[in-house]
Amino acid sequence: MFNRIGVLAFHGDVIEHIETTKNASKNLHLDIEVVPVRAKDIIHTLDALIIPGGESTTLHKLCEREGMWEGMKKIKNIFGTCAGAIMLAKVVHHKTADQKTLELMDIEIDRNAYGKQTESFEKNIQISLGNINAVFIRAPKIKKVGKDLEILARIKKEIVACEQRIGDSYYLATCFHPELTSTVFHEYFIKQVYRI
Amino acid sequence: MNNRLGKNLAQMLKGGVIMDVVNAGHANIAEKAGAVAVMALERVPADIRSAGGVARMSDPIMIKGIQKVVTIPVMAKCRIGHFVEAQILESLKVDFVDESEVLTPADEQFHIDKHKFKVPFVCGCRNLGEALRRIEEGAVMIRTKGEAGTGNIVEAVKHIRAVNSGIAELKVLLKKKQIIKLKEKAKEYRVSNELVLQTAKLGRLPVVNFAAGGIATPADAALCMQLGVDGVFVGSGIFKSNNPEKMAKAIVDAVAHFNDPGKIAKASENLGKAMEGQEIATLETKMATRGV
């Protein structure tokens with residue numbers, strides 16, 4: 001058995017996630033194969049999937065056209081950043097008429113809620129995982145979370161990172177892009193995946 | 001002003017297709033097909049070409065109309081050097097400004113000083129020197145220019161290859177530690193030594209680079225991707241084809257699966273007629289030569 005984490009690779013900041021995941025596994029002294037995912041036939045071989053930033057409308061369409069949608073729902077561990085977080089949410093505000101999400105996490109999320117690109121921002125946040133520079137790009141806002149969700153980061157009252165365990169499944173969502181500035185979240189995700 | 005955040009938005013667009021749209025109906029088709037952003041403009045390049053005259057920034061009402069109907073980023077074009085058109089677009093809160101040779105240039109000497117803006121800029125280039133000059137002026141995204149509105153991919157290919165070979169040359173100089181020659185390159189390109197060195201070390205442009213101009217089929221789009229660009233802009237190629245819905249979706253699929261000929265073949269089936277193409281030699285106006 002070898003360790004294998006996939007990064008959904010149709011579109012978005014895929015290389016950034018691949019690099020950050022590799023660096024995170026190096027920091028943890030783990031041997032993990034990090035693979036780009038573009039086809040349904042490798043979905044079942046993954047220990048975990050990372051869904052990058054990009055456009056959630058585009059990601060949904062390409063996954064469905066590839067016929068990997070139902071398979072993705074069965075992946076035990078998923079980490080989504082920005083568009084990826086939208087993909088995980090049960091309820092999405094301001095989605096397009098034909099847009100679907102995986103509906104795995106008990107969160108309500110509002111697309112582009114911080115506004116257009118001129119409202120994008122970065123902010124240093126201090127959280128239990130460490131000190132990180134959080135970059136928000138046309139970011140979504142998490143409006144509501146279910147009872148059994150853990151909040152990992154807030155900015156003032158806004159929840160910007162959270163996690164959920166359901167049975168032996170684990171999901172992690174951030175509204176910002178930790179892959180651009182830090183390995184902290186990727187290390188944390190890997191630790192949850194491999195129960196370290 | 002905030003270079004970093006614009007650069008990051010461009011990173012999120014990678015692997016995607018950005019489509020020219022002239023009305024809300026087009027914008028809906030683009031979003032449904034899976035476009036990662038739309039470029040709002042009054043006429044697609046093919047129509048700008050046939051109309052002649054001076055082409056300018058679009059009516060703000062038209063841009064606002066597009067912003068209302070889509071949830072993906074909206075870009076808009078201003079003329080080269082026309083910083084007031086850029087200010088207007090910024091005030092409209094477009095997500096990206098394209099300082100574009102498809103419109104008639106407003107300044108023959110200077111491009112816009114893009115550092116003064118909060119909105120990010122994408123600019124065209126035909127070679128590494130042009131790309132690096134635009135980056136130094138503050139562009140956070142580059143598109144290699146094809147000949148817009150022609151449905152002919154040849155110029156796009158030429159310019160992607162020109163950028164690639166420029167970078168390859170820098171890599172060799174760095175490998176041989178020929179720092180003086182790298183500095184001479186910086187002088188030739190009229191940019192800082194740091195930018196040339198950074199590009200040599202990265203082995204690619206330090207910002208996201210899309211292809212643009214002349215893409216008319218899924219195969220054209222995949223060709224550009226295999227030549228190394230991060231994504232594509234499609235202008236006239238979609239809405240001047242016989243079946244825009246199908247063509248839009250097919251190009252999105254071909255870009256997502258650009259290394260998989262079987263999937264590109266499938267995307268290419270039954271698309272109907274692609275846009276009418278033009279020989280470059282017969283053109284009255286070459287847009288790509290604008291703004292060097």
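Between chain B and chain A, 18 residue pairs are in polar contact, both at pLDDT 80 or more. A polar contact is a pair of N or O atoms within 3.5 Å; within protein, one must be able to donate a hydrogen and the other to accept it, and residues adjacent in sequence count only if both atoms are side-chain atoms.

Some ground rules. This is a predicted model: local features need pLDDT of at least 70, side-chain atom pairs count only at pLDDT 80 or more, and totals for chains, interfaces and linings use all residues. Residues are numbered from 1 along each chain as its sequence is written, chains are lettered from A and ligands numbered from 1 in the order in which they are written, and side-chain values use heavy atoms, with hydrogens and water left out.

Back to the interface. Which elements of chain B give two or more residues to the side that touches chain A? Helix 1 (3-13), helix 2 and helix 12 (244-256). Helix 1 gives the most, with 8 residues. Helices here are DSSP runs of H or I, at least four residues; strands are runs of E, at least two; both are numbered from the N terminus.

The count of salt bridges between the two chains is 6. That term means a side-chain nitrogen of Lys or Arg within 4 Å of a carboxyl oxygen of Asp or Glu. One of them joins Asp253(B) to Arg65(A), with the closest N and O atoms 2.7 Å apart.

Now the area. Chains B and A bury about 2800 Å² between them, 54% of it on carbon and sulfur atoms. That is accessible area (1.4 Å probe) lost on putting the two parts together, summed over both. On the chain B side, Leu5(B), Met12(B) and Thr71(B) lose the most, together 23% of what that side buries. The contact (heavy atoms within 4.5 Å) takes 35 residues from chain B and 38 from chain A.

Next, one residue. Lys14(B) sits in the loop between helix 1 and strand 1 of chain B.

Last, the strands. Strand 1 (residues 17-21) and strand 2 of chain B run parallel, joined by 4 bridges; pairing takes at least two DSSP bridges. Met19(B) stands opposite Val38(B). Strand 2 also runs parallel to strand 3 (residues 74-79), with 3 bridges.
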